[in-house]
Amino acid sequence: MTTKESIIRELGENELVLPVLVNNALAANDRIKYYFTLLQAALAKGLEPYREYSNLRIERETAGITDSQLDTVVHGSSMVSPDTIRIPRVAGIFSEIKQCLDEMILPLKMAATEATERYEERALGLMERIGTAPDDLVRKSVILDITSGDPEENDSVHLLVIDLHQALNRLQSQLSGETVDGAITYLLQPGDHDIIRAFMAGVNRNAPLKFGHPGLGTTATRTGRKIVIQNDIGMTDAHVLVINVTDEEVSVIYTDIHMPRVQFFHSLFPPGTIRWEDTLSRKGAEDFEKKMYHLSVGRYHARDREDLLGFAEFLGSRLVFLIDWNRARKKMRNFLPNRDSVAVLKWAADHNYGHMAFLLVGGEQLIYEALQFAAGVPIRYGEPLYQILGREKTVEYFQWVMKTAASGLVAGQSHQLIQDEIRTELLRYFRSAHEDLITICEDHATYTIEVAMVARDSLLHIRRRMNGEFVTRNAKRAKIWESRADALVNEVRKISRRIEEGGFFEELMHTSDDALDYLEEACYFITLVPGISSSRGVSEELVTMAEIAVRSCQEYLRALMASRYLHRSYSREELQDFLLAIDRVVGLERECDEELRKAQKSILMETTDYKELWLFSEIARTVEESTNSMMKAAFLLRDAMLEQMSRRG
C-alpha cells in the first residue's frame with residue numbers, strides 16, 4: 001500500500017482507496033500464481049532431480065517480485081523421504097501466499113460483496129492445513145493442497161484464488177466508471193457530475209502553474225448520501241485533501257506535515273467562509289516520511305446549488321499553491337522575515353501566480369546573482385535583502401518576481417529572459433534606494449531646521465525676558481527631534497551598506513547629524529541662562545547667529561532637493577540651482593564665523609559673571625559649529641554630485 005493510501009485509510013475514507021485496492025489485489029493474483037509455479041517446479045525437481053529445470057527468474061520479474069534469492073529455490077530442492085521434500089525458504093513462500101490471499105480478499109470485504117465471509121473462512125482453513133513448514137520441510141500433500149486446480153478434489157489455495165480472481169473482476173467492472181475532466185470517478189449517480197466538474201474546473205484552471213510538478217490527482221465516488229472527493233496535492237506522504245459533500249453541506253479534511261502550510265491554506269479563503277475546527281496533530285503510519293502530521297477539518301454551508309458549485313471551484317483552484325510551498329517559504333526567508341515571506345506567497349496565490357515558477361527559474365540563487373549585479377558591491381550569502389531595500393520595497397520586489405516568473409513561463413518565455421528581467425528590475429530598486437536615501441537625508445535636514453528654529457526662538461524669548469517654561473519646552477522638543485533624526489541615521493547606515501554609493505550617504509548623514517547635535521546642545525545650554533542677565537548685547541549677537549544657522553540648514557535642504565534631479569539627469573538651470581545653494585551654505589558659515597567673533601567680544605565686555613561667560617560662550621560655539629558641519633556636508637554633497645556627472649560624461 002502506498003503512503004497516500006495510508007493517510008486516506010487513516011482518515012476513514014476507505015471508499016476512495018477501493019479501486020487502488022482492487023488493482024493491488026490483481027497484482028497479488030499475479031504474484032501468488034508465481035509462487036504456485038515455484039512450488040510445483042520445486043516438487044518436480046525433488047521427484048526427478050536429474051532433469052533440467054528453469055529457475056523461473058523471468059516469471060518472478062514478470063510478477064513484480066524483486067527477491068532474486070527465490071531464483072535458487074528450484075535447484076536447491078530435494079526429497080528427504082518419499083513423502084517429504086526440503087524446499088529452501090518454503091516458510092517465507094507460505095507467508096507470502098497468505099499475504100497475497102489477504103490482499104485479494106481485502107477489497108471484496110471493503111465492498112461488502114457476497115461470499116466474502118466464505119472466502120475468509122476458506123483462506124483461514126487452508127492456511128491452517130498447510131502449516132508453517134519448519135526446517136524447510138514440507139509434505140507432498142501440502143504442495144498439492146496449495147497448487148491443485150481440480151475442482152473434483154479437495155479445496156485448494158489455487159481454487160480459492162480462481163474464485164477470488166473472478167470476484168475481483170466482477171468488482172472491477174462495477175468500479176470502472178468514467179473520467180470527469182481529469183478526475184477518476186466511480187459509483188457516481190446522474191446528479192453528481194456537476195460538483196465534480198466544478199471542483200476540477202478550479203483544479204485545471206491553475207494546474208499549469210505547477211509546471212510539470214507531480215500532484216493534483218483527483219478521485220471521486222459516492223457512498224450513501226455523500227459524494228467523496230480526494231486530491232493528493234503533492235508528493236508528501238500525508239499531504240491530501242478529502243471533501244465530503246452532502247446536499248449543500250461540505251466538509252473539508254486537510255492533512256499536512258507542516259503546520260505553517262495548514263495556516264496558509266486557511267488564509268486562502270475569505271474570513272468566515274469556512275468554519276475551521278481546532279487542528280489536531282497525529283502520529284502517522286510507520287512508512288510516512290514524517291512521523292507526525294496535522295489534521296484540519298473545516299465546514300462550509302452553501303446557500304444554494306450555485307453557491308456550492310462556486311465554492312467547489314474556488315477550493316479546487318487553491319490547491320496548486322500548496323505544492324512545494326514550504327520550500328518556497330524557506331528560500332524567500334533568506335531575504336525577508338518569515339511573516340513577509342508568507343504574505344508574498346499569499347499575494348501570489350490570491351493573484352493566481354503562485355511560487356513554482358520562482359523556484360524553477362532559480363529561486364534564491366537567482367536573487368543572490370541579481371544582488372551582485374545590482375548592488376555593485378559584494379553581498380554576503382544569507383544577508384537579508386530587506387535590510388538593504390527595506391521590508392516594504394522587498395515585499396513589492398518579490399511580488400513582482402512571482403508575477404514575472406509565472407507569467408513568463410506560462411507565455412513560453414525562456415528562463416534566461418525571465419532571469420535577466422529579474423536582475424534588471426532589482427537594479428531599478430537599487431536606483432530607487434538611492435533616491436530613498438536622498439529622501440531620508442532631506443527628512444533629517446528638516447529635523448535639523450526645526451531644532452535650529454527652536455534654538456533661535458528660545459534665544460529671542462530670553463532676549464525679551466519672557467517666561468522660562470517656553471525655553472524648557474523647546475529644549476524637550478529639540479531632544480525628541482534629535483532622537484528621530486538618529487533613527488534616520490541608523491536607517492541610512494543599514495541601506496547604504498550594500499549600495500555602491502552607500503559610503504558617501506553614510507558619511508554625509510553623519511556630518512549633517514553633527515550640525516543637529518550641536519544645535520540640540522545649544523538648546524540645552526539656553527535652558528541654563530538665568531532669567532535676569534545684564535548681557536543684552538550678547539543676546540542680540542546670539543540671536544543673529546541662530547538666525548544664520550536656520551538659513552544655513554534651509555539652504556542645505558535646497559541643495560539636497562536639487563541633487564535629486566542631478567542624479568537622474570540635469571539641465572544648466574538645475575545645476576546652477578544646486579551650486580547656488582551650496583555656495584549659500586558656505587557663505588553663511590563665514591557670516592556665522594564673523595558673528596561668533598562679535599559675540600565673543602560682547603561676552604567679554606558685558607558679562608561679569610564667570611558662569612554666564614562660560615554659558616554664553618558655549619551657546620555661541622555650538623551654533624557656529626553647526627554651520628561649520630553644514631558647510632562640510634555641503635562640500636561632500638557637491639563633490640559627490642560633480643564626480644557622478646563627470647562619470648556620465
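This is a predicted model: local features need pLDDT of at least 70, side-chain atom pairs count only at pLDDT 80 or more; totals for chains, interfaces and linings use all residues.
**Aromatic pairs.** I searched the whole structure and got 18 aromatic pairs. I then looked at Phe335 and Phe398: their ring centres are 5.7 Å apart and their planes lie at 35°, so I noted the pair as tilted. The pair joins distant parts of the chain, 63 residues apart. Phe335 sits in the loop between helix 11 (325-332) and helix 12 (338-350), and Phe398 belongs to helix 16 (residues 391-410). I checked burial for both; Phe335 and Phe398 are buried. I also noted one aromatic cluster, formed by Tyr254, Phe265, Phe269, Trp276, Tyr300, Phe311 and Phe314.

**Nonpolar cores.** Which residues have the most contacts inside the largest nonpolar core? I found Ile196, Phe265, Tyr397 and Phe398, in a core of 74 residues. Helix 16 supplies the largest share of this core, eight residues. I listed what Tyr397 touches, leaving out residues up to four places away in sequence: Ile367, Ala370, Leu385, Ile422, Glu425, Leu426 and Tyr429.

**Helix 8.** I took helix 8 (residues 193-206) next, which has 14 residues. From first C-alpha to last, helix 8 reaches 20 Å, close to the 20 Å expected at 1.5 Å a residue. Its buried residues include Ile196, Phe199, Met200 and Val203, and also His193 and Asn206. Against what do the buried residues of helix 8 pack? I found strand 4 (178-180), strand 5 (183-186), strand 6 (218-223), strand 7 (226-231), strand 8 (240-246) and helix 10 (305-318).

Methods
Residues are numbered from 1 along each chain as its sequence is written. Side-chain values use heavy atoms; hydrogens and water are left out. Rings of Phe, Tyr and Trp (its six-membered ring) pair if their centres lie within 6.5 Å; planes under 30 degrees apart count as stacked, over 60 as edge-to-face and the rest as tilted. Helices (H or I, at least four residues) and strands (E, at least two) are DSSP runs, numbered from the N terminus. Buried means under 20% relative accessible area, exposed over 50%, partly exposed in between (1.4 Å probe, protein chains only). A nonpolar core is a set of buried Ala, Val, Leu, Ile, Met, Phe, Trp, Tyr and Cys residues joined through side-chain atoms within 4.5 Å. Contact means heavy atoms within 4.5 Å. The expected span of a helix is 1.5 Å times one less than its number of residues.
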